[in-house]
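I would ask you to look at the model on the screen while I go through several of its features in turn.

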Amino acid sequence: MYEVMTHSDGKEMEDVHEAIFRAVERGIFEFIDRIFQASPNLVWSYNPMRRNAFQFAIECRQEKVYTLIFKLDKRKRSSIANLVDTSKNGMLHVAGMLSPLAKLDNISGAALQMQRELQWFKEVETITFPRSREALNAEFLAPRDVFTKNHKELVKEGERWMKETATSCTVVGALIITIMFASVFTVPGGNNGETGLPIFLSRKLFMVFISLFSSTTSVLMFLGILTSRYAEDDFLKSLPTKMIIGLSTLFFSIAAMMVAFSSALFIMIHQQSWIVFPVIFLASVPITLFIWMQFPLLVEMFISTYGSGIFDRKVKQWT
């Protein structure tokens, strides 16, 4: 392609520009990388809306293409980051627009979708000039106003998703608290008449206490989610962190409850292993189901909140 460009006329260069923006739209960052490295002036090319390749990458939410901007020197990067299109939309205005549905559908849950939108906006904000953050477009809207306008419905959906999830998990946590609280005073085997201590104290690990404390913590976290104010920025760290803690402690409480049940059963009828082991095996079913249904969401939320992120700034600059 570089050899073609060096001997091409105007018409062929138009085809090259079109190819660049098609590659950006489809996320073919290897092509963009080689083209811009071979012909650095092409970074200034723009589409009919006068958006350059990096603005268009933000519009299409192609993070691998966008991170190529860090291969430019700081001066050129700042210049490109503060260009505007035909509607006076800067790079931060474009980041405030809603992602294409095809990109949002790859993220599970409206809350995580809102978090990803905020991550894009905060990332682009770091490379723009302070005055660009308050600049008005043709509709007299600042970048943050554009973001709020385009994400009203997503905020509502994220709030609904968070509350529904928290409500369901609160019910489960409350049931575990009720069961475990009652179990504290009904230790298998009864108490020693002389000391008043449980007869099987030395043989039982008392996982019931771990389950009780874990489920109480999870319920408190889910109550914190239900009473949150649900501002836009809460979806970035605050709400996901509460959900991570709530789901994690709920998992431990379920696991501890099953272990407590299995150990109590083993203490009472350990001589009849043909009953004990099948029941203990069945007791592992709830834990397995919880891991199968909720653990992928927990992992995805943890990586999205505390992972390395989708933007790679550690790239080698073009020479």
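By a nonpolar core I mean a set of buried Ala, Val, Leu, Ile, Met, Phe, Trp, Tyr and Cys residues joined through side-chain atoms within 4.5 Å. Please keep in mind that this is a predicted model.

Let me begin with the core. The largest nonpolar core comprises 69 residues, and those with the most contacts inside it are I20, F36, F54, Y66, I69 and M91. Helix α13, residues 238–269, supplies the largest share of this core, with nine residues. M91 deserves a separate word. Not counting residues up to four places away in sequence, M91 touches N52, F54, Q55, I58, I69, I80, A81, L83, V124 and I127.

I turn now to a pair of helices. Two packed helices are described by the angle between their axes and the distance between the axes. Helix α9 spans residues 110–125 and helix α10 spans residues 143–150; they pack at an angle of about 165°, and their axes are 12 Å apart. Angles over 145 degrees count as roughly antiparallel, and α9 and α10 are therefore roughly antiparallel to each other. Their crossing is right-handed. On the α9 side, the contact is made by M114, E117, L118, F121 and K122, and on the α10 side by P143, R144 and F147. Of the residues in this contact, five are nonpolar, none is polar and three are charged.

Also in helix α9 is Q113. Is Q113 buried or exposed? Its relative accessibility is 11%, so Q113 counts as buried. Leaving aside neighbours within four places in sequence, Q113 is in contact with L104, I107 and L154. Q113 and E157 are 44 residues apart in sequence, and their C-alpha atoms are 9.8 Å apart in space.

With neighbours within four places in sequence left aside, S218 is in contact with G246, T249 and L250.

Finally, the backbone. Most residues other than glycine have a negative phi. K88, however, has a positive phi, near 65°, and Y230 likewise has a positive phi, near 60°. K88 is found in the loop between α6 and α7, and at 51% relative accessibility K88 counts as exposed. Y230 is found in the loop between α12 and α13, and at 5% relative accessibility Y230 counts as buried.

Conventions. Residues are numbered from 1 along each chain as its sequence is written. This is a predicted model: local features need pLDDT of at least 70, side-chain atom pairs count only at pLDDT 80 or more; totals for chains, interfaces and linings use all residues. Side-chain values use heavy atoms; hydrogens and water are left out. Buried means under 20% relative accessible area, exposed over 50%, partly exposed in between (1.4 Å probe, protein chains only). Helices (H or I, at least four residues) and strands (E, at least two) are DSSP runs, numbered from the N terminus. Contact means heavy atoms within 4.5 Å. Axes are lines fitted to C-alpha atoms, for helices over the stretch in contact, and angles run from 0 to 180 degrees between N-to-C directions. Angles under 35 degrees count as roughly parallel, over 145 as roughly antiparallel, 65 to 115 as roughly perpendicular and the rest as oblique. A crossing is left-handed if the near helix is turned anticlockwise from the far one by less than a right angle, and right-handed if clockwise. Ala, Val, Leu, Ile, Met, Phe, Trp, Tyr, Cys and Pro count as nonpolar, Asp, Glu, Lys and Arg as charged, and the others, Gly among them, as polar.
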